[in-house]
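Here are a few friendly notes on the charged pairs, for you to read alongside the coordinates.

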Amino acid sequence: MTKSRPKQGKSVFVRTYGCQMNVYDSERMTGLLKPLGYDVTAEPDDADLVILNTCHIREKAAEKVYSELGRLKKLKTAKHKSGSDMSIVVAGCVAQAEGAEITARAPQVDMVIGPQAYHRLPELLARAARDSGDVLETDFAVEEKFDRLAEREADGPTAFLTVQEGCDKFCTFCVVPYTRGAEVSRSVDAITAEARSLARQGVREITLLGQNVNAWQSAPPSGEAGAPWGLGELCRRLATIDGLERIRFTTSHPRDMDDGLIAALGDEEKLMPYLHLPVQAGSDKILKAMNRGHTAEHYMGLIKRIRDARPDIAISGDFIVGFPGETDEDFEATLGVVEEIGYASAYSFKYSRRPGTPGSTMPKQVAEDVKDARLARLQALLESQRAEFNGAQIGKVLPVLFEKSGRYEGQLIGRSPYLQSVHVTAPQSLLGSIATVRIEGVTPNALAGKLTTNDEAAA
Ligand code: 5AD
Ligand code: SF4
């Protein structure tokens, strides 16, 4: 047998599907593997270890994993023939939901790890090497996971920071309560320590993550007395960290938007004027069937209160069309809410039947072609609102945090307070800092502008 050339270190390739929480988890996994000698590689072909960090939220997302596993099987076989090896790990929510089924359907998979167990990756890799058998680890032990996460290395001026995980809401369409478990909040001390460490490394903006981030609640920091803190208080505390200039959070639930958080959005300057607050549907009948626990009127009243506190806030949302029982009239109610609110950005989906969720067995499932037509109408409306919101920035002077170089020489790409991508000709020295930009144009996916002079910025 011909052995391939011995390599210096080992390499890991991670493919991330789904939400920002998976992006965060993938970064943590590569962080945990670094001390074991694993460097990150951009292509699976070079990798000794491939991790698919998966998403189970809609059928399509889960299917993608099995097609990727098909491609990896070929690669693994080719590697074996040339005398080298490659381990395949399936992590994330498909791992949690389909566990044993994955190893049965895809025997090329060496390890299946749920989202609450990946902190044990080094130990599980060692076990797999020793026993040369499949490993399945999908226990829920989220506090232990948070405790054992290594101090992380920052990667650029922005970072995600998970503060809350899991969901107790049980919307009838959603798999998250089953894949991510019950709501758990990290402590103020752990979160501030992670945020401080990131700020020291040059991070200027953090996005606090949670499936229901505004359900975050925890005892005050050690040494301080008082009632439990909510997300508003946490954001105010994080705002005192030197070097940290911007705070965002996602995803919020309308039922958990308390007065403290609304007040913080109103007067805490480091909290960015952008709020992702999904409503899913506009008909009260459908909201009830979805078990959302609020009406359309409650949602619209809430947005009004938030806008009273922070008039320029950009609102974003998620929508599902074609939930079981949704009639044309119900769908019109969704369009009505969208017209009423005016979204700066939004995500919209066709309802996808997820095994094990109450919605999947409800009567009056909606035909696929009806869902297609409704989605097209909704997306056209949302797209026109997005274009209007972006167009309204022309002529404004906005602070932009520069995150990376652009495609053209001398170009930097940053973000406005409203999370819009902004393209500017600017010196590399501005990477990682905030400068003011006069917005002069819009393209479908970004704003374009020029750096202002100091006089203009002060005006
Ligand atoms: N079908 C379609 N969309 C879904 N989402 C969650 N579950 C489903 C499903 N079964 C959407 C919701 C949620 C977002 C993350 O994904 O809009 O807010
Ligand atoms: Fe899913 Fe609803 Fe929980 Fe969001 S609130 S994660 S949509 S069950």
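1. Glutamate 194 and arginine 186 form a salt bridge, with their closest N and O atoms 2.8 Å apart. The term here stands for a side-chain nitrogen of Lys or Arg within 4 Å of a carboxyl oxygen of Asp or Glu. Glutamate 194 is buried at 11% relative accessibility, and arginine 186 is buried at 5%. Buried is under 20% relative accessible area, exposed is over 50%, and partly exposed lies in between (1.4 Å probe, protein chains only).

2. A word on the basis: this is a predicted model, where local features need pLDDT of at least 70 and side-chain atom pairs count only at pLDDT 80 or more, while totals for chains, interfaces and linings use all residues. Side-chain values use heavy atoms, leaving out hydrogens and water, and residues are numbered from 1 along each chain as its sequence is written.

3. Arginine 71 pairs with glutamate 68 in a salt bridge whose closest N and O atoms are 2.6 Å apart. The two sit 3 residues apart in helix α2 (residues 59-81), so about one helical turn separates them; helices are DSSP runs of H or I, at least four residues, numbered from the N terminus. Glutamate 68 is buried, with a relative accessible area of 3%.

4. Arginine 120 forms a salt bridge with glutamate 123, at 2.9 Å between the closest N and O atoms. Here arginine 120 is buried at 17% relative accessible area, whereas glutamate 123 is partly exposed at 37%.

5. Lys350, Glu368, Lys371 and Asp372 are joined in a network of salt bridges. Across the whole structure, the search finds 27 salt bridges.

Conventions. Chains are lettered from A and ligands numbered from 1 in the order in which they are written.
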